[in-house]
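This report describes the salt bridges and the strand arrangement of one protein structure. Please consult the sequence and the model while reading.

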Amino acid sequence: MEQVLRTSRVLYQTVVDDQLDYICRFRPDGQCTFVNDSICRLTYRSREELLNQSLLEMAEFGDPSAWRTRVGRLSPENPKTEIEQRLNLPDGTTCWIRWIVIAILDDAGRIAEYQSVGHDITEIKRAQQMLESHQAELERQVQRRTRALYTANENLRLEIEDRIQLEKDIRESELKYRMLFESAPMGIALTTFDGRILAANTK
């Protein structure tokens, strides 16, 4: 049975190490109990270094309070959660990992360990950021175009109002002229240079 158990562990380790996803197990205090090769490559650390450290205190895993908060909410009734995290890696680069964390229960139904599987979503995040950037630029262009159309419409409205007022002033001026022309106490005539009468009042 011991030989079967050792063989099973070796097979499990081999299968897990071949995974591109990041797999680790840790106790409630954060102490790592298992990590695969992908996490070692991600953090530039050996398996021995990682197993002697708390997952929640690794600088690469960002703000440990976020992990503690999300993991602390897990319970036998709610044993699974997801965490999206932006990691600052030792080589100066950054990446985004989506972790699925599952609580592992002991025979008494208490949480004994947590297993987390992380998948690199950096390209997805970059695509989302590019899309958000394009959407923001489109919104800025729409706002600029809207302001330009509003200004053009406002100028057109003012021009139409000016024309209406001008036509009204002309009509009022013509009416005043006609009233003055007709009510004058003397005869008034508008003629050409050769004497042809173009207009004359009643007088």
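## Salt bridges and sheet

A search of the whole structure finds 14 salt bridges, a salt bridge being a side-chain nitrogen of Lys or Arg within 4 Å of a carboxyl oxygen of Asp or Glu. The model is predicted: local features need pLDDT of at least 70, side-chain atom pairs count only at pLDDT 80 or more, and totals for chains, interfaces and linings use all residues. Residues are numbered from 1 along each chain as its sequence is written, and side-chain values use heavy atoms, with hydrogens and water left out.

Three of these pairs are listed below.

| Salt bridge | N to O distance |
|---|---|
| Asp29 and Arg27 | 4.0 Å |
| Arg140 and Glu137 | 2.7 Å |
| Asp194 and Arg196 | 3.5 Å |

Asp194 and Arg196 are both exposed, where exposed means over 50% relative accessible area, buried under 20%, and partly exposed in between (1.4 Å probe, protein chains only). Salt bridges with shared partners also connect Glu84, Arg98 and Lys125 in one network. Asp29 is exposed, at 52% relative accessible area, whereas Arg27 is partly exposed, at 36%. Arg140 and Glu137 both belong to helix H5 and lie 3 residues apart, about one turn of the helix.

Helices (H or I, at least four residues) and strands (E, at least two) are DSSP runs, numbered from the N terminus. An open sheet is formed by 5 strands in the order E2-E1-E5-E4-E3, with antiparallel pairing; two strands pair if DSSP finds at least two bridges between them. Strands E2 (32–35) and E3 (80–88) stand at the edges with a single partner strand each, so one side of each has no neighbour in the sheet. Strand E1 (residues 22–26) pairs with E2 over 3 bridges, and Phe26 has Cys32 in E2 as its bridge partner.
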